[in-house]
Amino acid sequence: MISQISLKEKIFDSFFKANEIINEEYKEAQNWITDIVENTERPKSDHCEICDSKENLEIHHVRGHKHGNEIITVCHKCHEELTKKQRLWDKSWLDPNTKNNDAFLILGLIDILELKYEKTHEEIYKKTAEKLTEGFSYD
C-alpha cells in the first residue's frame, strides 16, 4: 500500500514532469516560429517541418513568394494543403504591391500551425493558431 506521503510525492512529481513537457513543447514551437519569421535565409531541411516526412521535399513560402522570404520545408502533400489554404485568402494576396504583407505572414503562420496540429496532435500548435486568429484583420 502506498503511504500518504509517497502518494502526494507521486502526484506532485507527475505534475512537475507534465509541466516540464509542456514547457519544452512551448519552447520548441516558439523557437520554430521565431526561426521562420526571423531567419529569411533558412536552409532547406532534410524533412517536412509539418509531418516529418523525408519524401518529395519542397519549399513553401509562408506568406507567398511575392510577399516575403519566410520559408519552411514541406513534403509535396503538405505543400498542396498549404497552397490550397493560401488560395482562400483575400484576393489582395494576388497583388505583389499589396499593403497587407504582415496580414499574409500571420495567415501563413496560422495555416502552418493548424496543419502541424492536424498532423502531430500537439496542442501547442492549435492553441498558438487560435491566439493568432483572435482579432485578426486584413487592416
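Me: Are Trp 89 and Phe 104 buried or exposed?

Reply: Trp 89 is buried, and Phe 104 is buried too. Buried means under 20% relative accessible area, exposed means over 50%, and partly exposed lies in between, with a 1.4 Å probe and protein chains only. A word on the source: this is a predicted model, where local features need pLDDT of at least 70 and side-chain atom pairs count only at pLDDT 80 or more, while totals for chains, interfaces and linings use all residues. Residues are numbered from 1 along each chain as its sequence is written, and side-chain values use heavy atoms, with hydrogens and water left out.

Me: What elements make up the chain, and in which order do they run?

Reply: The chain has four helices and two strands. From the N terminus on, the order is α-β-β-α-α-α. Helices (H or I, at least four residues) and strands (E, at least two) are DSSP runs, numbered from the N terminus.

Me: How many aromatic pairs does a search of the whole structure find?

Reply: The search finds two aromatic pairs. Rings of Phe, Tyr and Trp (its six-membered ring) pair if their centres lie within 6.5 Å. Planes under 30 degrees apart count as stacked, over 60 as edge-to-face, and the rest as tilted.

Me: Why is the pair of Trp 32 and Tyr 125 called edge-to-face?

Reply: The ring centres of Trp 32 and Tyr 125 are 5.8 Å apart and their planes stand at 90 degrees, so the pair is edge-to-face. Trp 32 lies in helix α1 and Tyr 125 in helix α4, so the pair ties together parts that are 93 residues apart in sequence. Both Trp 32 and Tyr 125 are buried.

Me: Why is the pair of Trp 89 and Phe 104 called stacked?

Reply: The ring centres of Trp 89 and Phe 104 are 5.6 Å apart and their planes are at 5 degrees, so this pair is stacked. The pair links distant parts of the chain. Trp 89 is in the loop between α2 and α3, and Phe 104 is in helix α3, 15 residues apart.

Me: What makes Lys 116 a charge over the ring of Trp 32?

Reply: The charged end of Lys 116 sits over that ring, 5.0 Å from its centre. The rule asks for NZ of Lys or CZ of Arg within 6 Å of the ring centre and within 35 degrees of the ring normal.

Me: Which residues touch the most other members of the largest nonpolar core?

Reply: They are Trp 32, Ile 36, Ile 50, Ile 72 and Ile 112, in a core of 21 residues. α1 (4-38), β2 (71-75), α2 (76-86), α3 (101-120) and α4 (123-133) each supply at least two residues of this core. The largest share, six residues, comes from α3. A nonpolar core is a set of buried Ala, Val, Leu, Ile, Met, Phe, Trp, Tyr and Cys residues joined through side-chain atoms within 4.5 Å.

Me: How do you know that the span of α3 is close to the one expected?

Reply: α3 has 20 residues and reaches 28 Å from its first C-alpha to its last, close to the 28 Å expected at 1.5 Å a residue. The expected span is 1.5 Å times one less than the number of residues. After α3 comes His 121, with a positive phi near 65 degrees.

Me: Why is Val 62 called buried?

Reply: Val 62 has a relative accessible area of 0%, so it counts as buried. Val 62 is in the loop between β1 and β2. Contact means heavy atoms within 4.5 Å. Val 62 and Leu 105 are 43 residues apart in sequence and 6.4 Å apart in space, C-alpha to C-alpha.

Me: Why does His 67 count as buried?

Reply: His 67 has 7% relative accessibility, so it is buried. His 67 lies in the loop between β1 (57-61) and β2. Leaving aside neighbours within four places in sequence, its contacts include Trp 93, Asp 95 and Phe 104.

Me: Why is Asp 52 called exposed?

Reply: Asp 52 has a relative accessible area of 53%, so it is exposed. Asp 52 lies in the loop between α1 and β1. Its phi is positive, about 75 degrees, although Asp 52 is not a glycine.

Me: What makes Asn 56 exposed?

Reply: Asn 56 has a relative accessible area of 59%, so it is exposed. Asn 56 lies in the loop between α1 and β1.
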